[in-house]
Amino acid sequence: MAQRFRLSDGGLIDRKTTLSFTFEGRRYRGHPGDSLASALLANGVHFVARSFKYHRPRGIFAAGAEEPNALVQLGEDARTEPNLRATQIELYDGLAANPQHCWPSLDFDVGGVNDRLARFFPAGFYYKTFMWPASMWMKYEAVIRQAAGLGKAPSEADPDSYDKTFAHADLLVVGGGPAGLAAALAAARSGARVVLAEQDARLGGWLLSAAGVEIDGQPALEWVAAAEAELQSLPEVTLLKRTQCFGVYDHNFFALNERVSDHLPLAARDPRLPRQRLWKLRVKQAVFATGAIERPLVFRDNDRPGIMLASAAETYVRRYGVKPGTKAVVFTNNDGGYGAALALHRAGTKVAAVVDLREAPEGPLTAAAQAAGLDIFAGHAVIGTDGGKRIAGCRIAPLDESGKRAFGGGTPLDCDLLVSSGGWSPTVHLFAQAKGKLVWDEAQACFVPGDPGRPEQRSAGAANGAFDLTTGLEQGHAAGLAAAAAAGFKSKGRRKPAPPKAAGDGTMGFLPARFLYLVPSDRPLGQGGKHFVDLQNDVAASDLQLALREGYGSIEHVKRYTTTGMGTDQGKTGNVNAIGIVAEQLGRPLPEVGVTTFRLPYTPVTFGIFAGRDVDDLLDPVRTTPMQTWHKSNGAVFEDVGQWKRPWYFRRPGEDMAAAVQRECKAVRDSLGLLDASTLGKIDIQGPDAAVFLNRVYSNAWSKLAVGKCRYGLMLGEDGMVMDDGVTARLGEWHYLMSTTTGNAAAVLAHLEEWLQTEWPELKVYLTSVTEQWATLQLAGPNACKLLSRFTDLDLSPEAFGFMEVKTAEVMGVPARIFRISFTGELSYEINVPASYGQAVWEAFMREGETYGITPFGTETMHVLRAEKGFIIVGQETDGSVTPLDLGLEGLCSKTKDFIGKRSLARPDMALPDRKQLVGLETEDPSEVLPEGAQLTESVPETPTPASPVPIAGHVTSSYMSPNLGRSLALALVKGGREKLGQRLYAPLADGRTLACKIVSPVFYDPEGEKMRA
Amino acid sequence: MLLIDCPYCGPRAEVEFSYGNEAHIARPLQPEALDDDDWADYLFMKTNRKGVMLERWVHSHGCRRWFNVARDTVTYEILAVYPMGAKPPKLPERSYL
């Protein structure tokens, strides 16, 4: 299809190359340099979207980030992305875009019926209509979401990669327009490290669509090219194009979204490069040269396709070589709007009328338009528009002096394009995000930066309210110099550097103007048409007035009630008009009404860049023990314990988990098992005050522990609650090795360091984590001693090497520490060898152990065996609200010394008799295993719906089937449990059954500990 | 994200640090001599000042050293960084309504 609206020359597009793309399945052509929006307009396509609430036809409205209407679904399948602004999508060959939020098609959309029913959908409609009954809200919401959705998220995994870059610089300049370039040049020439971020693919900002502008005696774009070349040549400058600075954080930390390969056809994207990149940039100084956004005029039915911003029309003509219509009406309140009239006129669009709210139009561009012979209607307004899927005409009428009333029904004018200019709003988003104060500039009718949130942040150019080019360049230059100086860089050369000089028409800003936030019509507001303020969220002026009538006085409340400014565009074109209309209605000055909070991101950001490379295997580090290879090739099923992968059980062919665990449990009790205990935390503690330190951090006493002995220690928080436990061995006079639970190793080390550094810096103690330096092999079972004796010369007789002792010896010729300790209740040795020998020793144990049927076992078997012994697991029997007394471990709390948590144990609540205490439970049916976490009651609750709340006696913390006992067993925390041995409790289950059980001692196996001491 | 000037490593991003709450709360030398209210006050009660707050930070993903920070909880400006055990430097009074 021919590009019927493409101009034969002009613009920054490459006409020699033709690109093919589709929109809603139809094929079109465009050129490199086009945006999707400009290419659609070149093909005569204005109508690209349906509005959010009323499903009204909408067209391309802007030419940049502020676009409220032209949101499209880009790409297909896994790569599809919703809500992208057609104005910012660079065209590439094969691009496929679709309209969103319409069904079955853009042209015939069932939801369009909402527009006919508009009077039933006022502001706050959902709040008012769907309030009762509350239980129905979920159902209403599903229907509302279906009708109101904005595009579709992909349902498959994202095939693209994303990256993050962490960087530092002296200065960040946001915006590559004239002020930004002047700032970057001034700072970079002094040697400062500068990052210049420009959201567009090209530098230049509004100069890209300006006519007849010269800077330093060159045509503007040649000056831009020279500036770019100079910046490129400076080694300390980073030029980031296609990069949106979307957020400002504390201490001059900035987030930038660089679109690395989005502009390329899929086949041309380098698979080694990320699709997009998140820059996390910390700078000393920042300059916001973010330009300004034009405001539309708010007149009746101002939303039809073919209605756009005046500056957008100018951009489509000058930058993209597109004629956005054949017959245009230009509606303006300022001199700047005439720029569009002149551009359209020169492009061959018939300008039917320039409708100017001003009584006496004047200004440089106005004069040029007068000289060109354009029809100007002074003191007139557009009071309504006609058309369906494209504007077909409008009516214009003279206004009274107040600007509140239009005379007569208006004169009709035919047109297929209507552009409007209501003034300009500096892009103060980043400045305001950083808590900078905005002030109202009465003469230019806009909010401009006042006191900055931080002195290192400066605004320059149009973003600072300086709309004429000369001032903008001066401000950029000055900001760049000041920032560089503040960062420690002086400008080079003897002469003071001078700012770039501008010349030409269209460099003088947009004044004079006559500001009217609401353009009257011949009928009362809200009747027979709508004055849209927020195009994306379908908020009309009548909705704002309704909110005020219903008592919402604060602009923040009006925003939330009407949703104005709450779309993905965050009200970039509509917010100031909304504030103006609210102020007028309230009869208060506009700055008193104030702005709503500016929040990041400036434009929507894809989730991918926040994930970056931290996905799949790289989501979280995985820690494995030295024996991991053996485990993997011998049927281990792994369990995650923190970041560790621990063998849960070792499955043999044909076994399920229960069978494997029963087999492993029997093997340990009957003969010999081997456990990989390398993941337990190991903290090396050395120094003359080590014993004093242990005495303070453990609840039990350590002063008398002899060298070569081990002791179980209980660690509390200062609140008296159990925090961790483990065995600590005394290896030398000043040398201890502490073991911690696997999951708590890092937290325990941090806890010890904190006390040592902040409370007891006088203690000479050194802490070193050695968890990963040692592999720990636990031999457990009656034959443990027999197997170990084959590998070491050490005398293992009980007389020479007793329970709770540690020895240093060679095992298989490898230096080892052997701990005779037991968590299973069997005769057991924990052999620590340097990590690199772990697997070799493990394999040797497995080979030699065949005589005893040695069985590797996992964490589940370990849990069953320790539960048979009534040994707790911190984090399973405890949850941060359990004291040593609750666990029956008061014997481990020294009465003679102070320790962390001791004073808290004396608080009255700690001694209450109905605290939950650790007990054992036996189900009446020995084959039933209670679910862990099951709540326990003292009587059988009435079924099926007991009166709430049911008094709860306690809960199950651990529960297993024990092959050694031939029945199930459980540990539980039960209120006053230790006084209730023998009492019956009930566990009502989710499946409707109630299991009866009996409170017993928590030690089920070998209560005297004869086996482990053997 | 704050930029915290670790006295041992220099300026580093906030993500390398952990917060340790209010500074200059010494553990009582004889906890058993305190009544329950005083002990609870030591254990649980922290000031949450709008203005300059003296607080503890630790460079968890760096040197693992603890130190004190004077920070304005309104502007997040860091006014001073000083070692454990040191007295806070003289700071300008800041009050907010």
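Which residues are buried in helix H12 (residues 541–549) of chain A? They are A:Ala541, A:Ser542, A:Asp543, A:Leu544, A:Gln545 and A:Ala547. A residue is buried if 20 or more other C-beta atoms, placed from the backbone, lie within 10 Å of its own. The model is predicted: local features need pLDDT of at least 70 and side-chain atom pairs count only at pLDDT 80 or more, while totals for chains, interfaces and linings use all residues. Residues are numbered from 1 along each chain as its sequence is written, and chains are lettered from A and ligands numbered from 1 in the order in which they are written.

**Chain A overall**
- Chain A contains 25 helices and 50 strands, which are DSSP runs numbered from the N terminus (helices: H or I, at least four residues; strands: E, at least two).
- Of its 1014 residues, 51% count as buried.
- The C-alpha atoms of chain A fill a box of roughly 115 × 80 × 55 Å along the principal axes.

**Surroundings of H12(A)**
- The buried residues of H12(A) pack against strands S30 (532–534) and S31 (539–540) and helices H13 (555–562) and H14 (575–586) of chain A.
- A:Gly551, with a positive phi near 105°, follows H12(A).

**Contact between chains A and B**
- Chain A gives 20 residues to the contact and chain B gives 19; two residues are in contact if their C-beta atoms, placed from the backbone, lie within 7 Å.
- On the side of chain A that touches chain B, helix H20 (745–758) and helix H24 (902–905) each supply at least two residues.
- The largest share of that side, five residues, comes from H20(A).

Definitions and conventions. Buried ≥ 20, exposed ≤ 12 C-beta atoms within 10 Å, placed from the backbone.
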